[in-house]
Amino acid sequence: MQSPQTPAPRFPIAHPFDDDKLREECGIFGVIGVQDAASFVALGLHALQHRGQEAGGIVTHDPVQGFNSARRFGYVRDNFTSTTVMETLPGPLGIGHVRYSTAGSKGQTQIRDVQPFFGEFAMGGAAIAHNGNITNANALRRELIERGSIFQSSSDSECIIHLMARSLQRNIPERMEDALRRVEGAFSVVAMTRTKLIGVRDPLGVRPLVLGRIGDGWVLSSETCALDIIGAEFIREIEPGEMVVITAEDGVQSHFPFRPQPSKFCIFEHVYFSRPDSILGGRSVYETREAIGRELAKESPVEADLVCPVPDSGTPAAIGFSLESGIPYAMGIIRNQYMGRTFIEPTEQIRNMGVRLKLNVNRALIRGKRVILVDDSVVRGTTSRKIKDMILDAGAKEVHFRIASPPTAWPCFYGVDTPEREKLLAATMTEDEMRVHLGVDSLKFISLDGLYRAVGESKGRDKACPQYCDACFSGEYPVTPSDMIDKGFELKAAE
């Protein structure tokens, strides 16, 4: 298998002023039955860039040239638009992956950690791209190493390849089933053999995966927005616990290899991770976020002159808040769209400019006004404080924060880059203590029931069996994070 890897510039995993958000871990994409699959995969990954901006990779298969791969650091647009690179990825079948580091060497990614991973088995090669996090990866890795496996990366996802290699099943899809039955945690997987495109979601369906159709070919993607960019038709979501095996000749074959369990889709996909132009659970993400803003306005009204989003993730919720409250919506903060990794290397003086490099206050609009700032979440609170200072410096009379998610008080172990619990503001402070810490006139988060209503659960959250994974808010983990417990993490005490 060829693997052209010209040196790529190393970038920090995020701009130093953009580290106060939870980051989705990965985006995955695959296509079969099209000419020049790599170009379709590159376009799909470009649409999924928000899910992973640290590195990306593509594997394709051509009947003559076999498997080929390219893995690079940085953005898709900077790596997979080059004719030189794309010519090395021929064939009608391909998969791709964009990543942030969650498991593995956080912030210290090596090229060997970049997916898709490839394995050569007795019945042929297979490549795999994984979105999620394996919560028993440490235990599996120890067991596999003791049995002679040699790991090439620090990624938890590589465990799946080694488990497949040790399986006694007859073909690659069956070996994948066998491997995934040993895995705990969250996984949406796109994989490929010489002739098959395979998609799998874990039994709880924590992470998303959708199926699309393009001409005579088929597409698997983390989100529907990546289908749009290539002109594919959205067919349906892959169900929790479902495996689909797709061939050019037979189309989509579906079965359910895991024991059925109640679905626990990640509710934060609705709040922040997914692009607003995607569809989740038959619902527009944009419309859901607008509904979150409406619920927030009902739960936590306040007298003010303007409703302003913290761009860009707070925008739909701010529109909803404005519509429900009747308070005018305004772009009080303007985002510099060209602020990114290609900016000058920050000196200490530049660092001290803080968030102003990325956001600027519309002073003429803000001066003398009582301003409601709507944001999607508060994690560490560092960016929120800087934005509040900017608004006050611009002459605002009052600053009120309204947050479109409940307080984030618990880390995620299912594939989201979350700080340790003691670094989460809501883990150590009450809402009023956070208000004082941020220095704002008022601070209110949407309630967990309000969030559930906004995503379509009219009766709110079912406490006995929550309809979503909301562990980052509730501390109730649907899959026991065994590796983290082994390291000393303490679960929430039973109430």
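UniProt positions are given here in the numbering used for this chain, with feature names shortened, and such annotations may be inferred rather than shown by experiment. With that in mind, an unreviewed UniProt entry puts its "active site" annotation on C26.

A word on the model: it is predicted, so local features need pLDDT of at least 70 and side-chain atom pairs count only at pLDDT 80 or more, while totals for chains, interfaces and linings use all residues. Residues are numbered from 1 along each chain as its sequence is written, and side-chain values use heavy atoms, leaving out hydrogens and water.

C26 sits in strand β2 (residues 26-32); helices (H or I, at least four residues) and strands (E, at least two) are DSSP runs numbered from the N terminus. Is C26 buried or exposed? C26 is buried, because its relative accessible area is 5%; buried means under 20%, exposed over 50%, and partly exposed in between, using a 1.4 Å probe and protein chains only. Leaving aside neighbours within four places in sequence, C26 is in contact with R51, H97, V98, R99, Y100, H130, N131 and S222, where contact means heavy atoms within 4.5 Å.

S278 lies in the loop between α8 (268-273) and β16 (279-280). S278 is buried too, with a relative accessible area of 1%. Not counting residues up to four places away in sequence, S278 touches E223, T224, C225, R283, S284 and V285.

**Helix packing**

Two packed helices are described by the angle between their axes and the distance between the axes. Axes are lines fitted to C-alpha atoms, for helices over the stretch in contact, and angles run from 0 to 180 degrees between N-to-C directions.

| Helix pair | Angle | Axis distance |
|---|---|---|
| α4 (residues 137-146) and α5 (residues 158-166) | about 45 degrees | 10 Å |
| α5 and α6 (residues 172-180) | about 115 degrees | 8 Å |

The crossing of α4 and α5 is left-handed, whereas α5 passes α6 in a right-handed crossing; left-handed means the near helix is turned anticlockwise from the far one by less than a right angle, and right-handed means clockwise.

For the second pair, I160, L163, M164 and A165 of α5 meet I172, R175, M176, A179 and L180 of α6.

**Helix α10**

Which residues of α10 (residues 315-325) are buried? They are T315, P316, A317, A318, G320, F321 and S322, and they pack against α9 (285-299), β18 (306-309), β21 (370-375) and β22 (398-403). Just after α10, G326 takes a positive phi of about 80 degrees.
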